[in-house]
Amino acid sequence: MELFLHDNPNTLNNLNQLLQRILNPEADGKKEIEFGDKVYRTGDKVIQLINRTEDNIFNGDSGIIDNIYFKDTDDVDKDTLIVDYDNVKIAYERSDLTELSHAYCTSIHKAQGSEYPIVIMPIVSSYYHMLMKNIVYTGITRAKESLIICGDENAFYGAIKREGIPRNTMLQQFLQKYCQVYETEPAELPDYLTEEMIENMTVDPMIGMDTVIPYEFVDTR
């Protein structure tokens, strides 16, 4: 289950700490390590905050703390935290913990590209600057099976009527100038494959993909 909030670090941290106390409380024999205002303990769900390309772990990947080793009691040179990313275990020294955060609650921005069985998405008017149709749509479409929207009903209806802020990056003009690309009306292609399309190399790569979603290619065994 994932719970999404708009991207406010203080709210995310506070709610993550509350959920940690409920879902993974302190217990005898359960190892934990303090870092800043956070306490990481075995069994915690965490999220990677920056790309760690040398380990093939990237911003937004989530895992479970598998073990914690201490230099004073274990056979290690430095305090070390082990995170299990789908059976790939990555070691973090204390100085690396700035790369992690708890992931009981995460933001819609961090959840982009991921899907979850159950999503709980609170929407409140205090985050008005984030209440836009495209952001709400992104949050809703993260749910595979169940979605719970809670909070301020007026904030929700206001958000779905409010268009996102356009991004004026000038990328289109840049590509047209330096790649000599000019706007032309694309030729209409049939929704089935023909011999002529193959010979002319004009095959539409999306033929037959209208109802296909990325989750269908994931091995859920």
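## Helix 3 against helix 4

In this predicted model, helix 3 (residues 133-140) and helix 4 (residues 153-160) pack at an angle of about 110°, and their axes are 7 Å apart; the axes are lines fitted to C-alpha atoms, for helices over the stretch in contact, with angles running from 0 to 180 degrees between N-to-C directions. Helix 3 is therefore roughly perpendicular to helix 4, a label given to angles of 65 to 115 degrees, while those under 35 count as roughly parallel, those over 145 as roughly antiparallel and the rest as oblique. Helices (H or I, at least four residues) and strands (E, at least two) are DSSP runs, numbered from the N terminus.

Which residues of helix 3 meet helix 4? K133, V136 and I140 in helix 3 meet F156, A159 and I160 in helix 4, where contact means heavy atoms within 4.5 Å. By class, this contact of helix 3 with helix 4 has five nonpolar residues, one charged residue and no polar ones (Ala, Val, Leu, Ile, Met, Phe, Trp, Tyr, Cys and Pro count as nonpolar, Asp, Glu, Lys and Arg as charged, and the others, Gly among them, as polar).

## The buried face of helix 3

Within helix 3, I135, V136, T138 and G139 are buried, a word that stands for under 20% relative accessible area, with exposed meaning over 50% and partly exposed in between (1.4 Å probe, protein chains only). Seen down the axis of helix 3, the buried residues fall within an arc of 160°, so they line one face of the helix; the arc is that of the directions from the helix axis to the C-beta atoms.

R52 lies in the loop between strand 4 (45-48) and strand 5 (62-69), whereas E99 lies in the loop between strand 7 (88-93) and strand 8 (100-102). R52 is buried, with a relative accessible area of 8%, and E99 is also buried, at 14%.

Their side chains make a polar contact at 2.7 Å (a pair of N or O atoms within 3.5 Å; within protein, one must be able to donate a hydrogen and the other to accept it, and residues adjacent in sequence count only if both atoms are side-chain atoms). Leaving aside neighbours within four places in sequence, R52 is in contact with residues including I57, F58 and Y92, and E99 is in contact with residues including I47, L49 and Y92.

## The chain and how to read it

The protein chain has six helices and 11 strands, and buried residues make up 31% of its 221 residues.

Residues are numbered from 1 along each chain as its sequence is written, and side-chain values use heavy atoms, with hydrogens and water left out. Because the model is predicted, local features need pLDDT of at least 70 and side-chain atom pairs count only at pLDDT 80 or more, while totals for chains, interfaces and linings use all residues.
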